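This briefing is intended to be read beside the sequence and the coordinates. Please keep both in view while working through the points below.

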Amino acid sequence: MDTSEDILQQASPDLVRGSDKARPAKAARLSPSFISWLQAGPMMLVFLAFFLIPLVFVVIVSFWDYNEYQLLPAFSGRGYTDTFEGCIAQLPDLCTIAKTYLKTLKLCFLVWAITLFIGFWVAYFLAFHVKSKTWQMGLSLLCTIPFWTSNVIRMIAWIPLLGRNGLVNSGLMKIGLVNQPVEWLLFSEFSVVLALVHLFTFFMVVPIFNSMIRIDKSLIEAAYDAGATGLQTLLNVIIPLAKPGIVIGSIFVITIVMGDFITIGVMGGQQIAAAGKIIETRVNALQFPAAAANAVILLVITFLIITMMSRIVDIKKEL
Amino acid sequence: MKEGRPRSFYVLAIFFAAYVLFLYGPMIAIYVLSFQGPQGGLTFPMNGVSTYWLAKLFQGTGIIDLGASFRRSLLLGVIVMAITVVLSVAAGMAFRRKFRAQSILFYSAIASLIVPSIITSLGISLEFRIIDDLIKAHWNENFETSMGLLTSGLGAHLTWTLPFGLLIMFAIFNRFDPRLEEAARDLGATPWQAFRHVVLPIILPSVIGIGLFGFTLSWDELARSSQAIGAVNTLPLDLQGLTTTVTNPDIYALGTIISAVSFAVITLALGTIHMLNKRQAAKGSDAGKGLV
């Protein structure tokens with residue numbers, strides 16, 4: 001078989017790199033870069049067909065025209081002008097669309113701050129206080145399992161607790177704290193934030209835990225030996241070293257909440273508008289260019305937030 | 001460090017316990033309430049205990065055919081799981097070597113994970129609508145739609161499960177000792193033999209983990225399905241539909257059943273992983289133990 005020799009000689013320098021060094025010439029029938037393409041190609045095709053091309057379509061369609069029942073492939077800014085209808089005329093009062101985006105940002109910030117607080121301390125407990133590996137695994141599994149069950153169920157699970165006749169209200173009435181049921185517990189901003197925190201703290205715990213577990217414990221001991229207080233160690237050693245996890249977790253939580261329309265819909269009793277909800281409403285009205293225009297706006301906002309965050313840390317390096 | 005547990009341990013232990021209670025408490029309430037008596041309502045107190053609402057689901061409630069969406073979700077979940085496992089392992093192997101387009105694939109996966117689901121979902125739906133229009137204009141005027149469970153729906157789910165699969169593969173190969181593979185090659189194994197008999201047995205527990213992620217992520221997926229699934233519904237979509245009209249505990253019964261399937265899959269997968277790890281520990285290495 002002299003062909004394999006030839007291929008080996010022609011092959012890219014990749015062949016002699018890393019673990020391939022020891023490969024006998026006989027095995028090298030296909031060039032390594034061709035094998036890589038075969039291996040990674042199918043996944044790339046899926047992302048191309050169902051993620052990258054669709055994204056391009058979102059941008060293109062956002063500039064198309066439309067009427068009551070169909071898309072018209074002609075350039076138009078109508079998707080955007082319909083979205084911002086009357087916004088300039090109304091100034092200095094904010095129009096509905098601006099209010100909606102501000103509300104989304106506000107919900108996003110609240111959920112981010114709360115999940116960060118909970119996620120940090122839960123991860124801290126697991127990483128630094130739980131000494132046995134078995135316990136560490138068991139307890140992190142305990143936090144992970146709810147993530148594997150349906151989000152809608154975890155949402156509606158709050159209804160029997162927070163409703164007018166729910167456990168919380170009947171409890172409060174029984175101990176005489178209130179005379180009539182508290183109305184704002186359910187179908188309110190409160191219940192939306194509560195459900196979002198409940199659903200997505202997981203995305204904060206895992207990355208923070210991952211970066212904390214990699215911190216060399218001797219660094220912390222060194223800090224103590226050098227006379228640092230617990231707070232000083234936390235601020236000057238642990239937080240800087242856990243920063244990648246904090247940033248990755250934050251990116252997850254922020255992008256999920258920015259695009260969410262299901263939790264906000266269900267827990268807000270369909271009364272609270274959010275960026276994702278606008279897109280859904282426009283789609284249901286078959287106004288695809290307007291939906292796409294809102295998707296582009298949402299994408300730009302999300303992208304800006306992520307760029308800001310990834311300036312703090314190189315995401316690729318941390319994975 | 002000091003002997004014994006610092007005070008912060010107890011504070012954080014209580015915090016952790018409260019978090020776990022917060023995670024599980026509401027879900028347990030749902031499971032309990034799905035066993036309401038026939039006269040029971042949506043909230044506590046329980047009005048008797050029965051399996052009335054669970055049984056009612058299987059009789060069909062009339063408005064929606066839950067049996068059909070159950071089978072659809074199951075079918076889609078299994079297919080997504082299989083594709084996710086195969087493509088993630090293959091791509092994971094590719095990433096052990098440098099190749100061109102490596103960073104394009106990496107950033108596509110990360111972007112797919114963090115671009116809000118509604119945008120991906122909308123994009124897929126637009127893509128298929130445009131394909132439909134093209135087919136209608138050029139080939140077949142009576143063509144209905146190319147959107148469906150196993151076309152646009154499958155694609156939408158894969159954009160969610162594949163990034164997780166790829167990240168898990170990165171984690172596996174970060175810990176993988178390439179010398180094992182080199183040894184196999186030195187002994188004359190072909191690349192396929194080295195993969196089949198050396199690499200695969202070692203990574204198998206984590207590969208099952210990828211399958212677990214693939215199935216449960218698809219089984220519970222809602223946001224990406226919402227615009228991209230076509231005319232049919234999956235179980236989570238039916239469940240979401242019920243939330244706006246609900247008056248009976250059958251919604252909790254449905255929730256309990258969806259969770260039960262998730263838990264069954266998790267238990268099965270974790271059990272298999274555990275078994276494989278034990279087998280690996282028992283059979284893995286006999287180095288230094290002398291001849292039998």
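The model is predicted. Chain A and chain B bury about 8,400 Å² between them, and carbon and sulfur atoms give 80% of that area.

**Chain A**

- Chain A contains 16 helices and 2 strands.
- Of its 319 residues, 52% count as buried.
- Among the contacts in chain A with a separation of 6 or more, 66% are between residues 24 or more positions apart.

**The interface of chain B and chain A**

- Chain B contributes 99 residues to the contact, and chain A contributes 92 residues.
- On the side of chain B that touches chain A, helix 1 (residues 7-33) of chain B gives the most, with 16 residues.
- Sorted by class, that side of chain B has 66 nonpolar, 23 polar and 10 charged residues.

**A:His129**

- A:His129 belongs to helix 5 (residues 96-129) of chain A.
- The relative accessible area of A:His129 is 7%, so this residue counts as buried, the cut-off being under 20%.
- The side chain of A:His129 makes a polar contact of 3.4 Å with the side chain of B:Ser8.
- Beyond its neighbours within four places in sequence, A:His129 touches A:Tyr124 as well as B:Arg5, B:Pro6, B:Ser8, B:Phe9 and B:Leu12.

**A:His198**

- A:His198 is part of helix 10 (residues 189-213) of chain A.
- With a relative accessible area of 1%, A:His198 is buried.
- A polar atom of the A:His198 side chain lies 3.2 Å from the backbone oxygen of B:Phe22.
- Apart from neighbours within four places in sequence, the contacts of A:His198 are A:Arg154 and A:Trp158 in chain A, and B:Phe22, B:Leu23 and B:Pro26 in chain B.

**Cysteines**

- The count of disulfides over all chains comes to 0.
- A:Cys108 is in no disulfide, as its nearest cysteine sulfur belongs to A:Cys95 and is 20 Å away.
- A:Cys108 is buried, with a relative accessible area of 5%.
- A:Cys143 is likewise buried, at a relative accessible area of 5%.

- A:Gln270 is not a glycine, yet has a positive phi of about 60 degrees.
- The position of A:Gln270 is in the loop between helix 13 (262-267) and helix 14 (275-284) of chain A.
- A:Gln270 has a relative accessibility of 36% and therefore counts as partly exposed.
- B:Ala101, also a residue other than glycine, has a positive phi near 75 degrees.
- The loop between helix 3 (66-94) and helix 4 (102-114) of chain B holds B:Ala101.
- B:Ala101 is partly exposed, with a relative accessible area of 23%.

Notes. Residues numbered from 1 in each chain as written. Chains lettered and ligands numbered in written order. Predicted model: local features only at pLDDT ≥ 70, side-chain atom pairs only at ≥ 80, totals over all residues. Heavy atoms only, no water. Contact = heavy atoms within 4.5 Å. Buried area = accessible area lost by both parts, 1.4 Å probe. Helix = DSSP H or I, 4+ residues; strand = E, 2+ residues; numbered from the N terminus. Nonpolar A, V, L, I, M, F, W, Y, C, P; charged D, E, K, R; others polar. Disulfide = S-S within 2.5 Å. Buried < 20%, exposed > 50% of the residue type's maximum accessible area, 1.4 Å probe, protein only. Polar contact = N/O pair within 3.5 Å; in protein donor to acceptor, adjacent residues only side chain to side chain.
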